[in-house]
Amino acid sequence: MSVLRRLTAAAATLVLPVLGLVATQGTASAAPNFQVPFKCGVTVTAATFSGHNPANSVDFQKSGITGMPVLASAAGKVTVVGNTGSTSYGRWIEIDHGSGWRTRYAHLSSQEVSVGQQVALGKQIGKAGATGGVTGPHLHYEQRLNGVAQKAVLHGVAVPYYGHTNFTSKNNCGGGGNNPYTPEQVCGAGFDVIDSANLGTSGTAYLLYNADNSNNCVTTLKSVSLGTASPTSAFLEVQGSARVTDSGNFTYYAGPVKKAAAKTCVKWGGSVGTTTYESPFEHCD
């Protein structure tokens, strides 16, 4: 049994940084469909403790978790990229998802986003670690409404309090709804998903990269009106070049749109019906 599994509630308790925020319970608001903040298919243990601070926070535990990519559990805007040193959260990030909802990710070994940055569901924001006041590596995670930590819900399943429960990530798994295609199938061999944007319940836009030839690929997969032609689009713009768009009435997806972009920033996105997403110029390495 790992050291983390033997943590007592007292050992897991954190002293939280003072942010000058007043924690008030506001009117209930529909929460985003929060996902496990790790890559698709990764199984982690969601540990909850009666003595945790905040009481409703979750510690994600897994052997070898140090250095594992941490993903945004919903789309939003980065509001904090903080560092409390060897106490409390250590390296941590907060994301604002709108309607009073925010998430926090703490004890990170690295932070890969900046304040004000818009991030899509499944965007890598950092890596897990053991910074701050911890006895072992894990990811401290909170879902907050109007400044108050709520009992966490992951891909529609309530996290049990109190105990240790395994969750397998569905974050950024592709092929939304019952769409028979995946973004990798659309873009072809050698392409891997590096970013995605949730288009509500309508579908998902994906950015993929092929490390062998430095090509990017964008496709938008529908989650509604599957098999029926309806307005769908995907676009890719390499900085300094003209935008390329695939737009029309499609049954399952738009794209693939491919362009070479070695060490060049790209802007990408897509739409299903009237729901659209357009990224800033990013992924410049």
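This is a predicted model: local features need pLDDT of at least 70, side-chain atom pairs count only at pLDDT 80 or more; totals for chains, interfaces and linings use all residues.
Charged side chains come first. Side chains of opposite charge can pair when their charged atoms come close. The model contains 9 salt bridges. One of them joins Glu94 and Arg104, with N and O 2.8 Å apart. This pair links distant parts of the chain. Glu94 lies in strand E5 (residues 91–98), and Arg104 lies in strand E6 (residues 101–106). The two residues are 10 residues apart. Glu94 has a relative accessible area of 3%. Arg104 also has a relative accessible area of 3%. Buried means under 20% relative accessible area, so Glu94 counts as buried, and so does Arg104. The pair is also part of a network of salt bridges, which links Glu94, Asp96, Arg102 and Arg104.

Another salt bridge is formed by the side chains of Lys123 and Asp195, at 3.9 Å from N to O.

Arg144 is buried, at a relative accessible area of 10%. Glu142 is buried as well, at 0%.

The next feature is a sheet. Strands of a sheet pair through backbone hydrogen bonds, either parallel or antiparallel. In this open sheet of 3 strands, the order is E3-E9-E7 and the pairing is antiparallel. Strand E3 (69–71) and strand E7 (108–111) are the edge strands, and each pairs on one side only. On average, neighbouring strands are turned by 35° against each other, direction ignored. The antiparallel pairing of E3 with E9 runs over 3 bridges. Leu71 stands opposite Gln124, a residue of E9.

Asn215 is placed in strand E17 (residues 215–222). The Asn215 side chain reaches the backbone nitrogen of Ala260 at 3.4 Å. Leaving aside residues up to four places away in sequence, Asn215 touches Phe191, Leu208, Tyr209, Asn210, Lys259 and Ala260.

Aromatic rings complete the picture. A pair of aromatic rings is described by the distance of the centres and the angle of the planes. The structure holds 9 aromatic pairs. One of these is the pair of Phe38 and Phe60, with a centre-to-centre distance of 5.8 Å and 80° between the planes. The arrangement is edge-to-face. Phe38 lies in the loop between helix H1 (9–12) and strand E1 (43–48), while Phe60 lies in strand E2 (residues 58–61). The pair thus links distant parts of the chain, 22 residues apart. Phe38 is buried at 0% relative accessibility. Phe60 is buried at 0% relative accessibility too.

Phe60 has a further aromatic partner, Tyr141. The ring centres of Phe60 and Tyr141 are 5.5 Å apart and the planes stand at 55°, so this pair is tilted. Phe60 in strand E2 and Tyr141 in strand E10 (residues 139–145) are 81 residues apart, and the pair links distant parts of the chain. Both Phe60 and Tyr141 are buried. Phe38, Phe60, Tyr105 and Tyr141 form one aromatic cluster.

Notes
Residues are numbered from 1 along each chain as its sequence is written. Side-chain values use heavy atoms; hydrogens and water are left out. A salt bridge is a side-chain nitrogen of Lys or Arg within 4 Å of a carboxyl oxygen of Asp or Glu. Helices (H or I, at least four residues) and strands (E, at least two) are DSSP runs, numbered from the N terminus. Buried means under 20% relative accessible area, exposed over 50%, partly exposed in between (1.4 Å probe, protein chains only). Two strands pair if DSSP finds at least two bridges between them. Axes are lines fitted to C-alpha atoms, for helices over the stretch in contact, and angles run from 0 to 180 degrees between N-to-C directions. A polar contact is a pair of N or O atoms within 3.5 Å; within protein, one must be able to donate a hydrogen and the other to accept it, and residues adjacent in sequence count only if both atoms are side-chain atoms. Contact means heavy atoms within 4.5 Å. Rings of Phe, Tyr and Trp (its six-membered ring) pair if their centres lie within 6.5 Å; planes under 30 degrees apart count as stacked, over 60 as edge-to-face and the rest as tilted.
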